[in-house]
Amino acid sequence: MPKNPSRRRFLLRTLFTASAALLAGCDRLSRTSWVPGILRTGERVNRGVQQVLTPRNALAQEFSEADLSPEFRSNGTASPDDPEYQRLAAADFADWKLRIDGLVEAPTQLSLSQLRSMKSRTQITRHDCVEGWSAIGKWTGVPLSEVLQLVRPLPTARYVVFHCADAMDDDGTRYYESVDMDDARHPQTILAYELNGQTLPIANGAPLRVRIERQLGYKMAKYIMRIELVAQYKHIGGGNGGYWEDQGYEWYAGI
Amino acid sequence: MVVANHSTHPEPRRYRYVRHSVPIRVMHWINVLALAVLLMSGLQIFNAHPALYWGKSSYSGRPPVLEMRAQRGADGHPIGITEVLGHTFRTTGVFGLSTDAEGGLVQRGFPSWLTLPSNQWLAMARRWHFFFEWIFVLNGLAYVIYSLWSRHLLNDLVPSRSDWRSVGRSLLDHLLLRHPVGEQAKHYNVLQKITYLSVIGGLLPFIMLMGLGLSPRADALWPGWVDVFGGRQSVRTLHFGAALLVVLFVAIHVFEVVITGVWNNLRSMLTGRYEIINAKEP
């Protein structure tokens, strides 16, 4: 035991200084141009390992009605203030049309009633937000794979990009997201138009939002206006494949 | 009682021997760095939604198990509140409401001097967490493989039969802050062995498993496996709780290091050399 109390104080101070230095150092490193890039290795390894471990079509857990969250939390935009969107919303999206184009053989436009008349899937799944919370909801929609069959992607198409109606910044940058073809064709990836048996509320993304059940909430774009198939996403938005990705979040949001 | 040493080569009164091999020392300090970064970035990630729940979702109608928030006090000034299992505590300045790096009062779970980055920045915290998660996992794997191969595990960590008989005495020794000296100090005591083994073989793998359980993709590996632990939000709570246990372990570990001879212990983990001081011959 240290006989000298000043020695103990010295130790404590050393410990405190070391942790403060670690923190200050890491703060500074976070702002360099190269450290965040190195740290990104973690995301790449996570993605690689998880894709090797989990079969491509492994299903996300589905729940029972008893597990439903009393109210499905709305996060991010609650109602896009874009005038065109508000006009469409005022008419219950009767004039809204989903445009599907890009690297496809047969670009097309689909109305909400056309989407509703296609094959549908209903699933009760858990929505995990990157912030840490989870909510459970019942979603009904058309599998994205059905829509893709309709437009026939070209072999060069590698990503599906969702262009949305909600502006995120003052400069008018709109929300967008992208997934690879594996997740796009996954059986639980649906373009949802119903939540808990009701027409999808505006707060949750009306008229159409995508469900990508094995990734975090920010991948599941709301207020979808257009679906574009691309070979790469460098030329879209900030070039990272999504609005939050452009703010430094991972493109692969499987964890 | 004095026991005469009848061996032909009596141990010298005071000498140094190599206690920790180079790989163990290197892996120990990598682990210190990784755990520090994981803890602090983890607290920043927690701050993005400073509440913990029990169950499959956060919105089940039941209140959170733990919540940190800021609200207006009776006098109109903001106060920090921490609610644990329905009990409310005023934690202004530390939890719920604290000063940030720029000196302003902000609503946040853990204070800026405990989180990495210090200011609210979830995306960057996730990068640090996921990078050092792999450093920690690879370092841990290397440690396990090395310890099996070098017999460090069997020789130094697995309690012997006589160890098991001395559990009661060792417990009393720890409580009275009595520690083995001389040749006896060359071996870990039984409580130390049990603690190291449960942290290495139990707590750390558990915290990793709970971290994996937070991944929606890993949940698809065997849909529903997280329900074994109460559901995804329970898993998040357990990941957090296990991190607190690691902090508790480190606190006790550092305490024991300090009271059993801080320089001797530090030297042995830096240069490998540990000093043994035997009692004077009669």
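Two residues are in contact here if their C-beta atoms, placed from the backbone, lie within 7 Å. Keep that in mind as you explore, and remember that this is a predicted model.

**Stop 1: a leucine in a helix.** Select A:Leu115, which sits in helix α5 (residues 112-117) of chain A. Now show its partners, leaving aside neighbours within four places in sequence: A:Leu115 is in contact with A:Leu98, A:Leu110, A:Val142, A:Leu191 and A:Tyr193. Pick out A:Val142 from that group. A:Val142 is 27 residues from A:Leu115 along the chain, yet their C-alpha atoms are separated by 6.6 Å.

**Stop 2: the nonpolar core.** Next, select A:Cys164 and A:Ile224, the residues with the most contacts inside the largest nonpolar core, which has 87 residues. Then highlight helix α1 (residues 22-47) of chain B, which gives this core the most, with 9 residues. Return to A:Ile224 and display what it touches beyond four places in sequence: A:Leu98, A:Phe162, A:Cys164, A:Leu208, A:Arg209 and A:Val210.

**Stop 3: where the chains meet.** Finally, colour the two chains separately. Here 48 residues of chain A are in contact with 42 residues of chain B. On chain A, look for α1 (5-30), α2 (35-39), α3 (41-53), β3 (121-128) and β4 (134-143), each supplying at least two residues to the side that touches chain B. Which element gives the most to that side? It is α3(A), with 7 residues. Colouring by residue type, you will find that this side of chain A divides into 22 nonpolar, 14 polar and 12 charged residues.

Terms used: Residues are numbered from 1 along each chain as its sequence is written. Chains are lettered from A and ligands numbered from 1 in the order in which they are written. This is a predicted model: local features need pLDDT of at least 70, side-chain atom pairs count only at pLDDT 80 or more; totals for chains, interfaces and linings use all residues. Helices (H or I, at least four residues) and strands (E, at least two) are DSSP runs, numbered from the N terminus. Ala, Val, Leu, Ile, Met, Phe, Trp, Tyr, Cys and Pro count as nonpolar, Asp, Glu, Lys and Arg as charged, and the others, Gly among them, as polar. A nonpolar core is a set of buried Ala, Val, Leu, Ile, Met, Phe, Trp, Tyr and Cys residues joined through C-beta atoms within 7 Å. A residue is buried if 20 or more other C-beta atoms lie within 10 Å of its own, exposed if 12 or fewer, and partly exposed in between; C-beta atoms are placed from the backbone.
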